[in-house]
Amino acid sequence: MPLPNRMLTALAVRMHGQTYLFDAGEGAQIGWKKAQLGLRGFTMLAVTHLHADHCLGIPGLLMLRTQMDDPEPLTIVGPPGIKSFLEESRKALGFYLNYPLHFIEWSHTADDLAYQDSRVRLFWKPLKHTQFCLGYRLEERDRPGKFNPHRAAQLGIPKGSSWGKLQAGQEIVLENGKTIRPSQVLGPARRGRHLAYVVDTRPTKAIYNLCQNADIAFIEGMFSPEDAEHAIAKGHLTVVEAAKIARRAEVKKVVLVHISPRYSDEDLADLEEEAVRACEKAVLGRDLAIYSVSYGND
Ligand SMILES: [Zn+2]
Ligand SMILES: [Zn+2]
């Protein structure tokens, strides 16, 4: 339930001019505007499950997106039923879209790779909630290795555009006709940044798979440990369970999100304290907060 001063869970990931959105509860358009996220580059939406607090904001976002001139297609990744939910809403509300929607629905035969483009790969795994729910891991593609100028000089490669081409992974041909491959002057590929988004679940092995060594993980911390019976009954995590999972999965930073509306803003500091006791890298997510993820040391 959205509160007057707290929105529903949605996560926008911005990378290389693209915006990848995870979930869109009621009022997602408001958050989108407040965060000043432009529509250009918003080409993929991943939905965890068909509970209203995660998907009722999608029709509004789809309509908002029609304001662009010549919009690109939008890919929607999600659980079985996401396509019919949106197609039925579109029919019932009679709204027109000036761009195509591509749906990728999970099925029993689906493999772990849900979606990919030239910048990222998105993986999914079923979680353990009161309704079928997916967790996600978004991996930036590896970057080329470091350029070795000493080696380039040894091979007689002239400085300038040839260096740039090799750095970008392209072969070049020298004036003497010799072909130089990027691997001759680049070190090993460097890992891109990895992010996990896991909400609405009880502890389960899939969370560890999705979060393992992630640079940042957004995990739900719906309840305080004192209210653990609600977490069990409703298929959620407590802040302490989430923090412990993050610690064991060795994530570099964990942001606890989707806090129950039963906790007032004053309670949030206590929840954060409990989480930090279980994992010192934990913080409580706040609406419109921005988390920058840098590359590891390389
Ligand atoms: Zn749910
Ligand atoms: Zn939820």
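**The site of zinc ion (ligand 1)**

Analyst: Along the chain, the donors of the zinc ion (ligand 1) are spaced as H-x1-H-x77-H-x70-D. His-51 is in the loop between β3 (42-46) and α2 (52-55), and Asp-200 is in the loop between β11 (194-198) and α7 (205-211), so this pair ties together parts 149 residues apart in sequence. The model is predicted.

Now the donor atoms. The zinc ion (ligand 1) takes NE2 of His-49, ND1 of His-51, NE2 of His-129 and an OD atom of Asp-200 as its protein donors. They lie 2.1 to 2.2 Å from the ion.

Next, the geometry. The 4 donor atoms subtend angles of 88 to 169 degrees at the zinc ion (ligand 1), so the arrangement is irregular. A tetrahedral label would require all angles to lie between 85 and 135 degrees. For comparison, the ideal angle for four tetrahedral donors is 109.5 degrees.

The zinc ion (ligand 2) is 3.6 Å from the zinc ion (ligand 1). Asp-200 coordinates both ions. Asp-200 has 1% relative accessibility, so this residue counts as buried; the cut-off for buried is under 20%.

His-51 reads otherwise. Its relative accessible area is 24%, so His-51 is partly exposed.

His-49 counts as buried because its relative accessibility is 0%. Its side chain makes a polar contact of 3.2 Å with the side chain of His-51. Another polar contact, of 3.4 Å, joins the side chains of His-49 and His-129. Beyond its neighbours within four places in sequence, His-49 touches His-54, Cys-55, Pro-79, His-129, Gln-131, Phe-132, Cys-133 and Asp-200.

Finally, the surrounding chain. It has 298 residues, and 49% of them count as buried. Its secondary structure comprises 10 helices and 14 strands. Among contacts with a separation of 6 or more, 65% come from residues 24 or more positions apart. The C-alpha atoms fill a box of roughly 70 × 50 × 40 Å along the principal axes.

Definitions and conventions
Residues are numbered from 1 along each chain as its sequence is written. Chains are lettered from A and ligands numbered from 1 in the order in which they are written. This is a predicted model: local features need pLDDT of at least 70, side-chain atom pairs count only at pLDDT 80 or more; totals for chains, interfaces and linings use all residues. Side-chain values use heavy atoms; hydrogens and water are left out. Donors are N, O and S atoms within 2.8 Å of the metal (3.2 Å for Na, K and Ca); water is not among the atoms, so sites may look incomplete. Four donors count as tetrahedral if all angles lie between 85 and 135 degrees; four count as square planar and six as octahedral if opposite donors are over 155 degrees apart and all others between 65 and 115; anything else is irregular. Helices (H or I, at least four residues) and strands (E, at least two) are DSSP runs, numbered from the N terminus. Buried means under 20% relative accessible area, exposed over 50%, partly exposed in between (1.4 Å probe, protein chains only). A polar contact is a pair of N or O atoms within 3.5 Å; within protein, one must be able to donate a hydrogen and the other to accept it, and residues adjacent in sequence count only if both atoms are side-chain atoms. Contact means heavy atoms within 4.5 Å.
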